[in-house]
Amino acid sequence: MHTRTRIINNKFCSVASAVICALSGTVNASDVKLIPMMEVGVYNINYTTPNTNDLVLESDGSVDDRVIQYKPSLAIDYKSKKLNVSSFVDYAATQHSNRGAQDTEHLSYSINSDLAIYEQALHWRGSVNRKYRVADSQLGAFSDEIVGSENLTGVMTMQQSLDFLLPNTRYINASAKLSLNKSEAQDDVELDEDVSNFSTSTFDTESKNLNLAFANGDRSAVDWVILMSHSKSDRAELSDYSASNFVFELGVPITQRFSWVADASINKNKIDNDQALSSGLTHKQWGTGLSWRFIRNSHLSILAYRSKTGEQEAREFIGGEFEWVMSSRSQLKLTADRNQFGENYGFNLNLRNRNLQASASYSEGIDINSQQSFSTGQLGSFVCPLGSATIDQCFLPQTLDYQLQAGEQWVTFNGRDIQLNDEVVNFKSGSFNLSYDNGRKLKLFAGYRLSEQESVEKQSSNNDRLSSSVSASVNYKVSAKSDLSLTTSISKNTYLGYQTVTAENPNGDRIDKNRSWALSFKSQLSPRLSTDLSYSYRQTDSNQAGRDTEDNRLTLIGRYVF
């Protein structure tokens, strides 16, 4: 185990020790909920893969394999007035009948805690997670513990934060958050450099973050907001990266509905040892205009701006913001201004009633992937039990500000596009999600996601990508003890400038088209025993020679809760 792995394991122990100390002397047996479970899965698979190695092949070049996977797991929940702790750990041992396939063992876990140090004003929150992910999407979007396990790598993430919220908001609103984030990918994957640009050293980052927010109090006639944030990221094999943001907004009433508004912002991004590049990542902007409040908590603001990026000449433009709060469950927000790369737009829509939620979002910015991976509570998310990500076990929250309870996690079924490469990137990301849950028999999800990223540092090849996906999930409760589920997805990943330019491929882009569907029937045979019978089909069609894959599998899984 190398030095940086020992460091993160020590920090994992510090989180666990803090929780144990907080619990010491106060925990009753009735306060702790233990859920041990044993899962055994049998997979009959026929697949084609570029990595044949010593696999026994059929006449058509495909592989027939029967796989047995044993997966014991344990969920632990503790909840009291001051402390909530949720944890989940599972160990998966996979055995193949095809003598050329490699048997594997994987250990995954998740620990989340929330300690109320002083009522609702001061909280300590901590989390440690370890899961297996595809080292690089170029290796195969469908790699998992059953097929393509050689493409997986263990990823450890840790976050500790101290959150403060001023209880008395009569004169001022104030909040602060101090956090330490850590992300590390293991170095146990041997990859073909001609296929993948993945390197574990580029996803080994420790970030320190400080966020401050101040706003006018409830009794103030003048509206004002001050937002400040600073992050410093120590990247193991890349230069350190820091980002600082300052935002000031002011609104002075002229009439009951109109106000004079002004705002200013400074966004600085610095890459150590690259002053020229860092200069171009600094953006300053200020403007003034009018705001019209057409209903309570809703407004339209139009401002004349002046902005400056690095040493470039200042530019003038018209921008603004439109925010419409239709109810406690529904809202719409649009923004238009500029950033380091030109015009910058933001969009968020959330429409919700008792059973149905429609959400859409679009954002642009500069960041590193490890920082984005810590964002939670995305629009269109379901709330699911910790350790589970199937729609039949999840529900749609009724409010926009839903707070996760012990043993819960956010899950968005159209996935996220986080690469294990921590270069600074300019990203654009948009999504649309439609979710339905009638609380009885039917749950639906449909989503579309589009993302684009361009490496700012250009430290590795093939890091500029365009991705899009469409996905859908349907779950129908056939009876009180059985569920029928159908899931499907279609995605396209374009790796810009990946290949040599030819007449057939004038841009030199590698294009992978992925599609999959799965039909599953789950049955609760007794209070402790359940089964899951499913059939799934997965296919990847790539314009790079030798990278097409196909996967047919029939699966039977049995679960027993002790």
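In this predicted model, Asp144 counts as buried, because its relative accessibility of 16% falls under the 20% limit. Even so, the side chain of Asp144 has a partner: Asp144 and Arg538 meet in a salt bridge, with N and O 3.0 Å apart. Asp144 sits in the loop between strand S5 (122-134) and strand S6 (152-165), whereas Arg538 belongs to strand S25 (residues 529-542), so the pair ties together parts that are 394 residues apart in sequence. Side chains of opposite charge can pair when their charged atoms come close.

Asp144, Arg538, Asp551 and Arg553 are linked in a network of salt bridges. Arg553, found in strand S26 (residues 549-561), is buried, with a relative accessible area of 4%. Its side chain makes a polar contact of 3.1 Å with the side chain of Asp144. Beyond its neighbours within four places in sequence, Arg553 is in contact with several residues, among them Tyr43, Ile146, Tyr535 and Arg538.

In total, the structure holds 16 salt bridges. One of them joins Arg559 and Asp532, whose closest N and O atoms are 3.9 Å apart. Arg559 is buried at 18% relative accessibility, and Asp532 is buried at 8%.

A further salt bridge brings together the side chains of Glu316 and Arg306 (2.9 Å, N to O). Glu316 lies in strand S14 (residues 315-325) and Arg306 in strand S13 (residues 298-309), so this pair ties together parts ten residues apart in sequence. Glu316 is exposed, at 63% relative accessible area, while Arg306 is partly exposed, at 34%.

Conventions: Residues are numbered from 1 along each chain as its sequence is written. This is a predicted model: local features need pLDDT of at least 70, side-chain atom pairs count only at pLDDT 80 or more; totals for chains, interfaces and linings use all residues. Side-chain values use heavy atoms; hydrogens and water are left out. Helices (H or I, at least four residues) and strands (E, at least two) are DSSP runs, numbered from the N terminus. Buried means under 20% relative accessible area, exposed over 50%, partly exposed in between (1.4 Å probe, protein chains only). A polar contact is a pair of N or O atoms within 3.5 Å; within protein, one must be able to donate a hydrogen and the other to accept it, and residues adjacent in sequence count only if both atoms are side-chain atoms. Contact means heavy atoms within 4.5 Å. A salt bridge is a side-chain nitrogen of Lys or Arg within 4 Å of a carboxyl oxygen of Asp or Glu.
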